[in-house]
Amino acid sequence: MGPGLRRLVRLSVASPVKAVERQLDPRTRLTLGANPDGSLSALLDDCADAAVDALTPGPVWTRDEFAALRDRVGERLPAMTVDIVGRVGKVLSAAQDVRLALPAHPPPPQTDAIADVRAQLDRLLPPGFVTTTGVAHLADLARYLTAIGRRLERLPYASEADRERMRQVHAVQDAYAALVRDLPPARRTSPEVRDIARQIEELRVSLWAQQLGTPRPVSEQRIYRAIDAVS
């Protein structure tokens with residue numbers, strides 16, 4: 001229902017995409033241009049979708065409720081979209097730093113770690129990543145990417161320690177993947193299931209970039225308990 005309501009609202013209010021694009025300076029355009037959505041306009045559209053989600057507190061059931069929502073979103077959407085674009089710029093800048101640090105031909109001791117990082121990037125930054133991540137978690141996403149950079153800095157000097165940390169993370173990832181696979185499709189994107197995925201990313205931060213901190217305590221045991229509570 002959420003995506004359907006978002007689409008109805010977007011169709012009912014003026015799009016902020018062109019106005020926001022005109023405000024961007026050349027440097028920001030360059031930063032935003034390398035994005036998983038495929039183009040600058042597609043990214044800005046993704047940001048506008050995320051803005052609508054942030055401005056929609058919940059479902060509406062009557063014509064009057066929808067009209068009130070439409071008017072509220074129409075008034076606030078341009079400013080909210082600009083704010084989100086600024087946050088997304090920090091995410092994409094951090095992602096670019098990671099990509100520049102990735103070796104094209106890693107030495108054998110680093111091959112598995114580099115493959116793991118590439119898979120993590122694909123998972124964190126799919127097409128539509130702004131809406132999928134949600135406004136409330138964009139700063140977390142930037143932190144996850146910064147943590148990847150810290151991991152890559154140390155990798156040449158600690159490949160064995162990296163491998164042990166990776167084994168820990170892959171164990172909980174496998175348990176999470178099994179949970180998602182066994183759930184009905186409608187439950188796979190529920191808030192409690194998506195929260196487990198975020199806990200796994202926080203575990204990565206705690207293992208490879210502890211100095212960045214996590215907003216809540218995180219451990220393998222807590223993640224397994226969360227998986228058990230959902231299954």
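Modeller: In helix 1, residues L5, L8, V9 and S12 meet F66, L69, R70 and V73 of helix 5, where contact means heavy atoms within 4.5 Å. Helices are DSSP runs of H or I with at least four residues, and strands are runs of E with at least two, numbered from the N terminus. This is a predicted model, in which local features need pLDDT of at least 70 and side-chain atom pairs count only at pLDDT 80 or more, while totals for chains, interfaces and linings use all residues. Residues are numbered from 1 along each chain as its sequence is written, and side-chain values use heavy atoms, with hydrogens and water left out.

The contact of helix 1 with helix 5 divides into six nonpolar residues, one polar and one charged. Ala, Val, Leu, Ile, Met, Phe, Trp, Tyr, Cys and Pro count as nonpolar, Asp, Glu, Lys and Arg as charged, and the others, Gly among them, as polar. The axes of helix 1 and helix 5 come within 10 Å and cross at roughly 65 degrees; axes are lines fitted to C-alpha atoms, for helices over the stretch in contact, and angles run from 0 to 180 degrees between N-to-C directions. Helix 1 passes helix 5 in a right-handed crossing, meaning that the near helix is turned clockwise from the far one by less than a right angle, whereas anticlockwise is left-handed.

Helix 5, residues 63–101, also packs on helix 8: their axes come within 9 Å and cross at roughly 15 degrees. Helix 5 is therefore roughly parallel to helix 8, the class for angles under 35 degrees, with over 145 roughly antiparallel, 65 to 115 roughly perpendicular and the rest oblique. This crossing of helix 5 and helix 8 is left-handed. The contact of helix 5 with helix 8 has 13 nonpolar, two polar and one charged residue.

As for open space, 24 residues line the largest pocket, with G2, R6, D53, T131 and R194 nearest its centre. A pocket is an open set of points on a 1 Å grid over the protein atoms alone where a 1.4 Å probe fits, with protein on both sides within 12 Å along at least five of seven lines; lining residues have an atom within 4 Å of a point. Helix 1, helix 4, helix 7 and helix 10 each give two or more residues to this lining.
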